[in-house]
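Hello,

Here is the structure I promised to pass on. Please open it first, then read my notes below.

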Amino acid sequence: MKKSLFQLNTKTVVTIGICAALYGATGFIGVPIGPDTSLRPAIALLAIFGALFGPVVGFTAGFIGHVLTDLLTSGMVWWGWALGSALTGAFMGIIYLYKGFDPLAGLVKSKHIGFFAVYGIVGIILSLLFSWWFDITFMGEPSDKLVIQVSLASLSNIAVFVVLGIPAVLGYAKRNRKASNLSVNE
Amino acid sequence: MNRTGSLYEPGNSLFHRLDGAVKLCLFAIWTILTFLFLDLRVFGVMLALGVILLVTAGIPFKRIAFLFWIMIIFTVLNSVFIVLITPTFGTRLTGTNTPLIPLGYNTINAETLFYVLTLSAKYLTLLPITLLCIFTTQPSEFAASLNRIGIPYKIAYAVSIALRYIPELTAEFRSTLHSMQARGMGISKEDGKLMQRFRNLSAVVVPVLQSALHRIDSVTNAMELRGFGTQKRRTWYSGKDMKSLDWMMIGVSVLLFGLGLWLRLKGLGPYWFPF
């Protein structure tokens, strides 16, 4: 049963908190790939949370998780990139709005996977473009260096999303499908 | 980091006595002011002020050394990359070109070096205030202050939950990672090709996710049993009343913000260079 999107009940609050903590906890690991850019598996978690709980949870958890990790690990918040994480989470959550998509009950069709991949990739690119714009406007960074960072980051994020995020959602749905053998006659 | 996931360092300095909400306001104003400028003189003043505040807060350097060095390494790396990728970027800002170090494909000019210095100062300027806020605020007070500056208490509570569970989930993630490693499915370099390491990582993500979902359920139940979210407002165990010191600091910070804004609009341009 899906609930209203903006209704903040206790479960949503806890979900946001735990998701943000998990995003923070896995944000520590990363394989450096370029100038101050690293491949982080945490982006896959955003995909999973988005798909399971919707864009609002994805957005908030991405933002809180990113800000807290930044505070605890680097003593500084990269607002542009934190908002980028939030945007990615929101885009990953669009698929949640589709009727008939419910990985918690094991209901995932192949067309959903297609849409999920498209939204995810668009979201990743858009949010990194946003971070790019933010860093140029507010931090005064040179755009040429950022182009390298942003393209590397989008490529690695898309790779993590496709290789880790989508299979994890699928695997999760499959697991839950086993638990419910009942089918609905329409 | 201690059990509660905070870096809190007890003390009795000016910043320790300030209300968390005031610190958040200061933090926001400081960040906005830094964003407004690209001016070494302004950053110099702010940096000096920040360092003085940091020293008076009495946080032992041992505690902040880690974050401090991360920041230094970051700015140095960032500067090196900027200089190597765009050796003449400074010219775009100043319009002059004074070649200094030949690189082969291009020549690093003095303007770029100065620009890199300014940018590093900008990053470093943001550091002291952030350190002050995270080292002098108790995590539970943090949520209360978020609520006070107008963020809905449910969101503030989500932040509080996140802070509370980061150490726990990190430990759990590590132990899952280790148990997978023991089965020969590690994610470090020795465990095979990149693709294999990736596949191993996804095998870690599913159990971690599963246990996180269980945890969500149990925490939700515990909170619902205690009546969370039934009222429109809530009070906080560590919420304090604003004192005259807090109002004074708000006044000072608003004044400083006004001064910064006035300087930016009237006197100083977006970028300052001595050439």
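How many residue pairs are in polar contact between chain B and chain A, counting those with both at pLDDT 80 or more? Two. Keep in mind that this is a predicted model.

The helices come next. On chain B, the side that touches chain A draws at least two residues from each of H2 (20-36), H4 (61-85), H5 (89-94), H6 (110-136), H8 (153-182) and H9 (194-225). H9(B) gives the largest share, with 17 residues. By class, that side of chain B has 44 nonpolar, nine polar and six charged residues.

Now the interface as a whole. In chain B, 59 residues are in contact with 53 residues of chain A. The area buried between the two chains is about 5,400 Å². Carbon and sulfur atoms give 80% of that area.

There is one salt bridge between chain B and chain A. Asp217(B) forms it with Lys11(A). Their closest N and O atoms are 3.0 Å apart.

One residue within chain B is also worth a look. Ser79(B) lies in helix H4 of chain B. Is Ser79(B) buried or exposed? Its relative accessible area is 13%, so Ser79(B) counts as buried, the cut-off being under 20%. The side chain of Ser79(B) reaches the backbone oxygen of Thr75(B) at 2.6 Å. Leaving aside neighbours within four places in sequence, Ser79(B) is in contact with Val116(B) and Ser120(B).

Best wishes

How values were computed:
Residues are numbered from 1 along each chain as its sequence is written. Chains are lettered from A and ligands numbered from 1 in the order in which they are written. This is a predicted model: local features need pLDDT of at least 70, side-chain atom pairs count only at pLDDT 80 or more; totals for chains, interfaces and linings use all residues. Side-chain values use heavy atoms; hydrogens and water are left out. Contact means heavy atoms within 4.5 Å. Buried area is the accessible area (1.4 Å probe) that two parts lose on being put together, summed over both. A salt bridge is a side-chain nitrogen of Lys or Arg within 4 Å of a carboxyl oxygen of Asp or Glu. A polar contact is a pair of N or O atoms within 3.5 Å; within protein, one must be able to donate a hydrogen and the other to accept it, and residues adjacent in sequence count only if both atoms are side-chain atoms. Helices (H or I, at least four residues) and strands (E, at least two) are DSSP runs, numbered from the N terminus. Ala, Val, Leu, Ile, Met, Phe, Trp, Tyr, Cys and Pro count as nonpolar, Asp, Glu, Lys and Arg as charged, and the others, Gly among them, as polar. Buried means under 20% relative accessible area, exposed over 50%, partly exposed in between (1.4 Å probe, protein chains only).
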